[in-house]
Amino acid sequence: MEALKEKKVLVSGAGFAGLSTAYWMNKLGYKVTVVEIANGLKMGGTPVNVEGNTINIVKHMGLFEQIRLNRLVMEMLEFKNADDVTEGAMTLKKEGEELPDDAYEIERNTLLNMLFDTVKNDVIFIFNNSITALNETKDHIEATFKDGSQQAFDLVFGCDGIHSAIRKIWFGNEAEYSHFLGQYFSITIVNKLLIKENTTQFYNVPDKAVMLNAYNNKTDIIFCFRSEKEIPYDYRDEEQQRKIILEQFAGQSWRTPALLEEVERSKTFYFDKLCQIKMPSWTKGRVALVGDAGYCASPAAGKGGSLAIDGAAALADAFHQNNGNFELAFLDYNKNFRPFIEEVQAKVVSVGLDILVPATEEAIRKRNTEGFGPDF
């Protein structure tokens, strides 16, 4: 692997997929550059679940102990009606009960900073810039950046999320790969407790959901609604997106009016459609996609962060098995990681969506009294 010392790779995106890919490619001996369109790490977002095989991966990355020490312990999930009466509840942790060792939940920002700390001294970071064009030659792939500069690399990894610029440049328009799941959602995080700490509350009317998630002296406010057709909007225009949520939830009861005021005032706001990215291949030439860019399972799965970490490790494993031969590694990555992704994507559609946003009053009452069931 000595020859790898000269090999350069470019990673687009400094989220979970990008930082994890940078970590493994650096470990394999590549010279890694990460380019990120924002002026720093993108903070915000709901907590991340680390479970199953992801636990083994974060152990190999030396992050497990920090994750364990920073884990969130949610205690209660409550289903509310319009009068703020609890119609049903699920105890997530009983007093004195041992915490499970097969699943850990951690704040998104905490985990992102941990990953950044593992690579920041070994990897070149370019913030406030992005890739605008790629040109592949026999031995390299040349990237053109937004600032006009150009640089040649051996490989490029698109780790830039659901609206991936690399995917658009190299594989084609988002519409070819994005499968709309009939729902939209927003996330606002406020730095105060709106309900009891370590508690989650749900309020539903048919085709709409409001969810509060309180931990570490902050509360996630999540709005979700069904829509048969896709709504045209600019995913970089925050005000337009706030307006969509404010209009959708105007006149709703429970605590909705006060929560909408929080959304209007908040500095952090994220809005998007629930969709899945499905591609026949995550690789083409010297380019590979990792995480949401290649196989988003939908934010409702709560697995975006862990699938990105899993995907980066699967890719690195393929490189390791094939002694750095990227063509064989890419073939293995496509073949070996795909069954797992297909299983996760299928489960989201069959279990997750209807339980979070029931379509009828009857389904809401059933879910409120019976809870989420064993499959969730």
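**Close-up 1. Contact of helix H1 with helix H9.** From H1, the residues Phe16, Ala17, Ser20, Thr21, Trp24 and Met25 meet Gly305, Ala308, Ile309, Ala312, Ala313, Ala316 and Phe319 of H9 (contact: heavy atoms within 4.5 Å; helices: DSSP runs of H or I, at least four residues). By class, this contact has ten nonpolar, three polar and no charged residues (Ala, Val, Leu, Ile, Met, Phe, Trp, Tyr, Cys and Pro count as nonpolar, Asp, Glu, Lys and Arg as charged, the others, Gly among them, as polar). The model is predicted: local features need pLDDT of at least 70, side-chain atom pairs count only at pLDDT 80 or more, and totals for chains, interfaces and linings use all residues. Residues are numbered from 1 along each chain as its sequence is written, and side-chain values use heavy atoms, without hydrogens and water.

**Close-up 2. Axes of H1 and H9.** The axes of H1 and H9 (residues 304-321) cross at roughly 25° and come within 8 Å (axes are lines fitted to C-alpha atoms over the stretch in contact; angles run from 0 to 180 degrees between N-to-C directions). H1 is therefore roughly parallel to H9 (under 35 degrees).

**Close-up 3. Packing of H1 on H4.** H1 (residues 16-27) and H4 (residues 108-119) pack at about 25°, with axes 9 Å apart. H1 is thus roughly parallel to H4.

Close-up 4. Strands E4 (residues 76-80) and E5 (residues 86-91) run antiparallel and are joined by five bridges (strands: DSSP runs of E, at least two residues; pairing needs at least two bridges). Lys80 has Thr86 in E5 as its bridge partner. Five residues lie between the strands of this hairpin, and Asp84 in the turn has a positive phi of about 65°.

Methods
Angles under 35 degrees count as roughly parallel, over 145 as roughly antiparallel, 65 to 115 as roughly perpendicular and the rest as oblique.
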